[in-house]
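Let's take a friendly look at aromatic rings and their surroundings. The model comes first, and the notes follow.

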Amino acid sequence: MNKKGFSLIVLGITITVMIILATVTLLSLSKDNSIEHAKESVFKADVDEMGISLEQTIGALQIKDSNLERKSINVSRIDNMKQYIPKFPEKYENIFEIQSGLIVYVGKDPNQLKWAKELNILPKVANTSGFTLNKAESTSTLPYIPEAMYYVGGTADTGLVVSDKAQDKNKGVNASLIGSQFVWIPVDGVNVEFKPKFNQAESETMGGFKDIEDIDKARNSIAVYGGFYMGRYEATEVSSKPVMAKGKNVVTNIKYVDAKKRAEAMYESSTDIVSTLPYGTMWDTVLNWFIQSGAITPVEAYENSTSWGTYPSSKQPSGMKMKNQIFDVAGNVAELTKEVVTKGSSTLGSTRAYRGGVYTSAEKYASARNPIDLNAVNSMVGYRVALYIK
């Protein structure tokens with residue numbers, strides 16, 4: 001066979017192979033496109049089905065309660081989702097939520113994001129009141145409202161208030177409220193930082209206070225979400241359960257170990273918040289925020305708080321004097337924190353700091369700190385509860 005004939009045979013074989021490869025590639029692409037199209041069809045059909053189910057549930061609920069507002073329905077946990085969408089697919093856990101009574105996509109899959117955008121079901125920031133129901137969007141100025149909480153009123157710069165009772169929703173900060181209330185403490189890392197503060201006297205004589213007990217979890221949360229919540233009031237109690245509400249008898253004569261246990265149990269079933277006794281650094285950050293917002297001066301925080309504190313001759317009910325929607329940070333009863341005494345104590349590690357000064361104390365300044373044994377009780381020392389986002 002001559003070279004010309006051989007070359008034609010090779011060329012023919014090459015062309016045939018190329019045609020086969022092209023056909024296989026086209027079939028593969030067609031198959032991939034068919035699979036992707038099928039996934040898209042299933043996704044959009046599921047969204048339609050969930051939307052219809054949600055509408056039916058809300059309609060039935062509004063027949064029973066004509067005052068029920070769609071925008072008040074905000075859930076994400078799968079057990080809560082199934083209350084509104086009985087056949088909510090478990091494969092969509094943490095991918096769909098109900099925000100303001102509408103089905104919303106909160107996942108991260110690129111294709112699903114594209115389809116969700118086409119269906120107009122991506123989350124919308126609820127910024128008309130300065131907060132968000134999407135945890136991923138939380139910042140110091142746009143705080144996340146946890147599932148267990150309801151927006152009451154106020155803004156992040158001067159005190160955004162939430163309550164754990166639906167009856168308090170949107171009532172306003174001056175209304176009579178029934179739930180335990182908390183105030184957002186914005187921590188932007190620039191104007192307000194999450195760090196401890198000692199005045200000169202404390203640095204010289206009591207500079208041995210340090211937060212331990214899992215503070216890194218709180219610190220990391222605050223860095224990610226832009227702040228934390230502080231109890232609006234000193235703790236009162238109902239059946240040994242903390243209640244942060246106005247006009248009630250403030251709890252005292254409680255051991256640190258018991259206060260810590262009750263604070264941590266307050267929302268222990270929550271999937272998105274941790275309740276805790278305040279860390280000392282949280283206390284200092286609240287004071288820093290007061291100063292940076294112009295509510296008080298440094299002197300009024302660290303030297304003399306009588307101009308805004310609660311220093312009567314005896315213990316008063318919760319809710320006497322307020323700054324940025326938080327009551328009785330200075331005075332009334334002193335409050336237990338997770339600060340541990342590390343110097344100048346014969347019982348290192350078994351002593352905690354209480355903060356804020358008390359109604360009879362000579363230390364009438366909000367940053368005051370003093371040691372107390374883990375198992376000691378004091379008629380002038382109580383506590384409040386703080387929250388941080390999981």
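## Aromatic rings and a buried aspartate

Asp 46 has its place in helix α1 (residues 3–64); helices are DSSP runs of H or I with at least four residues, strands are runs of E with at least two, and both are numbered from the N terminus. This is a predicted model, where local features need pLDDT of at least 70, side-chain atom pairs count only at pLDDT 80 or more, and totals for chains, interfaces and linings use all residues. Residues are numbered from 1 along each chain as its sequence is written, and side-chain values use heavy atoms, leaving out hydrogens and water.

Asp 46 counts as buried because its relative accessibility is 16%; buried means under 20% relative accessible area, exposed over 50% and partly exposed in between (1.4 Å probe, protein chains only). Not counting residues up to four places away in sequence, Asp 46 touches Lys 91 and Tyr 92, with contact meaning heavy atoms within 4.5 Å.

Turning to the rings, the structure holds 13 aromatic pairs. Rings of Phe, Tyr and Trp (its six-membered ring) pair if their centres lie within 6.5 Å; planes under 30 degrees apart are stacked, over 60 edge-to-face and the rest tilted. Two of the pairs are tabulated here.

| Pair | Type | Centre to centre | Angle between planes |
|---|---|---|---|
| Tyr 92 and Phe 96 | edge-to-face | 5.0 Å | 85° |
| Trp 184 and Tyr 229 | edge-to-face | 5.0 Å | 65° |

Trp 184 in strand β5 (residues 181–186) and Tyr 229 in strand β7 (residues 227–231) are 45 residues apart, so this pair links distant parts of the chain. Both Trp 184 and Tyr 229 are buried. Tyr 92 is buried at 4% relative accessibility, and Phe 96 is buried at 0%. One aromatic cluster is formed by Phe 43, Tyr 92, Phe 96, Tyr 105 and Trp 115.
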